[in-house]
Amino acid sequence: MAALRGTAFTPDDGYTRFADESYGAAGLGCDVTRTNANGDGIMDNVRSAVLDLGSRSSLNRSNHEHLTEEDHWEMNYHEAAIYLEEGLNNEKFDSHPSSPGELPAYLRVHNPWYHGLDLSASLLLMLLAFTEDPAVPLFELPVGIHGTVELLALSVIGVELFLKLKWIGWRTILKHKRTMLKCVTLFIMVLEAFVVLLRQCSHFRVTRALRPIFLVDTRHCGGVRRFIRQILQSLPPILDMLGLLLFFVTTYSLLGFYLFSEHIDTQHFNTISDSFVSMFVLLTTANFPDVMMPSYAKSKWYAIFFISYIATVLYVLMNLMLAVVYETFTRIEREKYRRLLLHRRRACQHAFRLLVSKQTPGAVRFRQFHGLMRYFTPHKSTRDVLLMFKQLNGTASGALTLEEFLSVYECGALRWAPQHDRAPWYGALGPIEVLGRAAFNIVNWPYFEHIVFTLIIGNGVSMLIRITEASGGLQDSARLFCASWDTWLFLILFLIEAGLRMMAQGMRVYLSSGWNMFDLIATVLGICGAILLVLAPNFIIVVIFRPLRLMRLYKLKKRYRDVFGTLVLLSPLMSSAACVMLVMYYFFAIVGMELFSSYDMRNCCVNTTVEDFYKYSANSSTALGFYYLNTFENLLTSGVTLFELTVVNNWFIIMNAYAFVANQWSRIYFMVFYLFTMVVLTIVVASVLEAFRFRIHYKRSTTKRDEEKLLHEEVHVSWEEVQRLGIDGSMADQLRPHLPAGSVVTFIGSRPRTREVLQRRMYTNEIQRWLSEAAREERDSTNVLSDVPEVNETNSGERQLI
């Protein structure tokens with residue numbers, strides 16, 4: 001288990017800490033003998049005889065003799081909450097604040113407002129690329145302005161980094177590679193910003209491409225960091241397959257040079273470098289069959305060379321790479337879940353030691369649990385904390401054991417509501433109750449869904465008829481399609497359907513359904529589109545709104561439901577993957593601007609194979625033209641050019657043009673970009689396959705009843721039970737309105753249907769094995785420590801065996 005940094009106590013430290021390797025209840029009251037600064041040999045547990053603490057926090061080591069027992073408990077609650085936050089955020093415990101001087105810096109940097117400030121500064125720093133030379137004309141700023149803004153943003157990031165180092169420590173930074181990289185990048189960028197301001201002009205600043213480091217390191221981009229970490233962990237098998245791929249490309253390039261270099265009709269194999277470039281591009285099939293046809297014209301047998309190459313590298317090796325990456329990604333996903341589970345378990349163990357008392361050395365009472373929740377989840381009410389405690393306390397002993405406390409994260413995700421709230425919302429509301437019951441009966445009528453789907457199909461048929469009737473100008477055609485009488489008829493019927501569902505289910509339940517939200521949004525957008533077409537006929541883009549409702553038909557088929565369900569599970573991962581792609585685009589766009597922004601691509605490639613693609617005239621252009629627009633003159637056009645390269649259709653034309661106007665080595669930039677995008681997209685495909693397989697396996701092994709039990713918990717509480725727990729004072733006053741005397745109230749806790757929750761259901765057997773292995777390792781470690789003699793440290797630093 002990871003130990004607290006700096007657990008070797010100073011002589012004046014009166015806080016008794018548990019050995020990190022001791023986990024059992026037997027160790028929850030142990031004391032360590034130490035002498036004070038005067039060498040008097042005073043035991044730390046002398047003061048513990050007065051306090052009821054089982055273990056004291058390290059967050060207030062000075063002047064502890066002036067603190068009350070309540071103050072000591074507050075410090076314990078605070079540090080225990082920090083441990084749980086570190087477990088929740090997957091932060092290493094070696095960066096845990098272990099002294100009073102580190103706590104203020106830790107709290108400032110972990111403040112949500114500061115997280116927002118750090119994110120804003122990082123985004124502002126990246127957006128400066130729009131204003132710096134070469135800038136987007138609309139956003140171009142003088143050097144003095146964007147240079148000053150850059151220094152301001154870097155200063156905010158520097159303050160955050162300084163506060164982080166203040167509690168982490170300068171020695172620990174060597175273990176935090178991401179923090180060390182951030183420090184070096186910040187130092188370089190500050191120097192470059194000063195140079196730009198002094199010279200009043202920009203220089204070759206390829207280091208601007210490193211600005212996304214600051215964005216990725218923010219608290220809001222934790223999912224992006226995890227996705228990047230998965231890419232790095234998947235790199236070894238990818239590099240192995242790329243090595244094998246490179247071997248075949250090189251071998252075929254050499255063979256192609258000796259076979260075709262003497263053919264004067266082909267320019268693809270004149271030199272070995274030309275041969276390698278041609279075969280590398282052929283890997284993407286962008287130049288096929290152009291590269292084959294000159295040789296094929298010489299002899300039909302030469303087709304064997306190209307067919308065997310395509311079959312080997314594209315249909316065998318590339319698919320094999322996907323299979324290898326998928327297997328690796330699945331293993332990494334399982335291992336990531338295992339490590340996160342064990343990391344949170346260790347966080348719970350650290351927190352548990354700070355919450356036990358001498359009266360109950362093996363369990364946590366409600367008072368201490370409530371104190372912890374005030375810091376860990378301050379938004380939760382006393383009622384919710386009580387329900388969490390009851391849910392965790394499966395033995396009904398009135399105190400949480402360590403095994404029960406380990407489930408605090410799963411229980412913390414529950415949202416509680418009294419069982420009577422699950423009754424129809426319109427109950428006992430007079431006339432509204434009659435309308436609600438009528439709507440409920442209509443919505444639950446067996447043929448109601450059939451009528452709704454019939455209306456949707458009728459809407460689709462109506463659209464087809466309007467398309468065939470389209471004539472005249474675009475505006476008249478758009479108005480006929482989206483603002484005719486039949487459009488209003490179906491939109492009104494869809495609004496009636498939504499109103500019936502709202503009346504029957506209640507607004508909260510209705511909006512909790514993704515399909516209901518989609519239907520309502522599609523209907524509202526259709527109405528807005530029809531109104532806009534009437535008021536502004538030129539706004540024909542709104543024609544896209546009417547067909548949206550047809551997507552509801554996909555719910556009829558199970559396979560489509562599985563696809564949409566997978567998309568929901570993948571939404572966090574896909575957002576992280578999209579951020580990674582944007583970061584990669586930003587990096588290569590900055591590098592591309594520094595390398596190629598000075599080149600004018602109009603009529604650039606005379607007497608080359610790509611000449612026709614870059615022809616330009618003020619009045620017209622050839623049918624193959626307009627490629628001269630693929631430039632790196634600013635961040636926006638660079639992004640468009642990079643997207644065209646990502647699609648790989650005719651990407652070699654852009655590469656060859658820049659190789660002609662710049663130099664042959666510029667091809668490395670385009671080839672490296674292709675390899676990067678191929679790796680990232682392969683990881684994305686593997687993640688989609690893994691998520692789809694996971695969902696299908698989950699659906700096959702879990703019934704609706706099992707899922708209901710998984711997502712909902714039921715707790716029964718009475719006022720008498722609250723009194724037995726010793727809850728009094730203001731906490732009792734807060735609970736009394738929810739718990740009438742003499743009755744038992746049932747509460748239902750609901751947790752969100754996230755991938756992590758489903759993983760806990762799917763990995764049940766593995767979780768039991770992982771926890772058993774961790775417990776066995778802890779017992780072995782405890783047995784080893786029990787054989788070590790106790791040590792008494794004197795003020796001179798000598799260690800004496802006791």
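Two residues are in contact when heavy atoms of each lie within 4.5 Å. This report describes a predicted model, in which local features need pLDDT of at least 70 and side-chain atom pairs count only at pLDDT 80 or more, while totals for chains, interfaces and linings use all residues. Residues are numbered from 1 along each chain as its sequence is written, and side-chain values use heavy atoms, leaving out hydrogens and water.

**The chain as a whole**

The secondary structure consists of 30 helices and 7 strands; helices (H or I, at least four residues) and strands (E, at least two) are DSSP runs, numbered from the N terminus. Of the 802 residues in the chain, 46% are buried. Buried means under 20% relative accessible area, exposed means over 50%, and partly exposed lies in between, with a 1.4 Å probe and protein chains only. Among contacts between residues at least 6 apart in sequence, 71% join residues at least 24 apart.

**Surroundings of F481**

F481 belongs to helix α18 (residues 474-482). With a relative accessibility of 12%, F481 counts as buried. Apart from neighbours within four places in sequence, the contacts of F481 are M463, R466, I467, T487, V543, R546 and P547. For one of these residues, R466, the C-alpha atom is separated from that of F481 by 5.6 Å, although the two are 15 residues apart along the chain.

Strands of a sheet pair through backbone hydrogen bonds, either parallel or antiparallel. Here, two strands count as paired if DSSP finds at least two bridges between them. The link between β3 and β5 (residues 744-750) consists of 4 bridges. Within this pair, A417 stands opposite I748, and P418 stands opposite F747. The covered face of β3 holds W416 and P418, whereas R415 and A417 are on the uncovered one.

**Salt bridges**

Side chains of opposite charge can pair when their charged atoms come close. A salt bridge is defined as a side-chain nitrogen of Lys or Arg within 4 Å of a carboxyl oxygen of Asp or Glu. The whole structure contains 36 salt bridges, and the table presents three of them.

| E192 | R205 | 3.4 Å |

How many residues apart in sequence are the parts tied together by E766 and R334? E766 lies in helix α30 (residues 764-786) and R334 in helix α11 (residues 303-355), so this pair ties together parts that are 432 residues apart. E766 is buried at 18% relative accessible area, while R334 counts as partly exposed at 29%. In the pair of D519 and R549, D519 has a relative accessible area of 3% and is buried; R549 is likewise buried, at 3%. Salt bridges that share partners also join E132, E150, E192, R205, R208, R211 and E594 into one network.
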